[in-house]
Protein chains: 2
Amino acid sequence: MAGMDKLVALVNSFASAVLSVGREVGLNITLNKAKVSQGVKVENICTAALIGVVGVGSRGTVNIMLNKDAFENIIKTMSGGMIAPQLGDDVSMSVIGELSNMIGGRALVQSSLGTVDVTPPQLIVGENIKNVTKEDTGMKSFTLPFSLDPSGGVFLVLSFKID
Amino acid sequence: MAGMDKLVALVNSFASAVLSVGREVGLNITLNKAKVSQGVKVENICTAALIGVVGVGSRGTVNIMLNKDAFENIIKTMSGGMIAPQLGDDVSMSVIGELSNMIGGRALVQSSLGTVDVTPPQLIVGENIKNVTKEDTGMKSFTLPFSLDPSGGVFLVLSFKID
């Protein structure tokens with residue numbers, strides 16, 4: 001598979017994994033196709049789950065980034081309202097970790113990239129988190145924005161270097 | 001190599017890479033050996049560079065985290081005072097990216113872990129950034145705090161799962 005095709009396959013695998021896993025856990029999630037863009041376009045992020053991806057000919061990071069509404073919506077939905085969402089709290093973060101794990105696993109199973117390997121998700125919390133990538137070093141970034149109903153923004157940011 | 005030995009080798013490789021690369025670029029950096037600890041112990045982080053590491057039998061993330069003083073000190077030192085440090089700014093972030101790249105590369109060359117593969121550093125900026133790891137899922141985390149003279153705190157956080 002050529003370099004750019006690989007990247008497209010990765011983007012598609014992860015996007016479809018976010019949608020299918022999200023819906024299975026009960027989230028009302030949709031991809032804002034019109035707002036898919038190159039580069040990093042995220043706003044008001046309080047939680048990020050980073051998954052390192054290493055495969056033959058490609059390496060990079062997949063970021064699942066949540067704003068506050070999405071963070072709260074996801075924890076309430078996945079725990080059936082049993083867990084009060086709290087940023088940085090062990091129980092709350094376990095829920096986000098579990099969701100990221102499921103998305104990473106699903107993306108690999110769905111993708112046709114056989115030899116790709118991933119790291120466990122690394123969870124980051126903070127205020128106004130943003131990832132910065134330098135397009136000039138051969139890194140390519142894409143942002144896929146998802147909306148949660150009734151509220152919440154989930155951003156899937158992929159940053160990859162194709163050898 | 002047994003699982004725990006591998007983790008120790010990774011920790012040592014990255015710690016020594018931070019010190020040797022740091023000194024080569026002109027930083028006055030020391031490891032606070034007495035404060036090396038298990039778990040994640042970081043404070044006031046504004047920038048994090050995450051490197052995914054995948055190898056036979058181990059996978060995880062290496063985090064190079066900087067507080068504001070360290071961020072400014074590093075950019076001033078590495079640019080010879082030519083760059084005014086600004087969080088999130090492309091030029092400033094390039095400097096941090098370059099330093100992280102050098103540390104990742106050095107750690108791999110120095111380590112005896114032959115088959116380990118890494119992702120390019122993913123740079124994250126924000127306020128009060130903290131990574132969260134769950135020790136109960138087989139993830140092991142270590143924090144190694146470094147001091148910069150005259151000021152600045154650099155934290156090396158390794159989170160690994162040993163298969």
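First, a term I needed: two strands pair if DSSP finds at least two bridges between them. Helices (H or I, at least four residues) and strands (E, at least two) are DSSP runs, numbered from the N terminus.

Housekeeping next. This is a predicted model, where local features need pLDDT of at least 70, side-chain atom pairs count only at pLDDT 80 or more, and totals for chains, interfaces and linings use all residues. Residues are numbered from 1 along each chain as its sequence is written, while chains are lettered from A and ligands numbered from 1 in the order in which they are written.

I checked confidence. The pLDDT (the predictor's confidence in each residue, from 0 to 100) has a mean of 89 in chain A, with 93% of residues at 70 or more. For the complex, the predictor gives an ipTM of 0.85 and a pTM of 0.90.

Then I looked at where the chains meet.

β6(A) pairs with strand β6 (residues 122–132) of chain B in the antiparallel sense, over seven bridges. A:Val125 has B:Lys130 of β6(B) opposite.

Last, I looked at helix α3 (residues 90–110) of chain B. This helix has 21 residues and spans 30 Å from first C-alpha to last, close to the 30 Å expected at 1.5 Å a residue (1.5 Å times one less than the number of residues).
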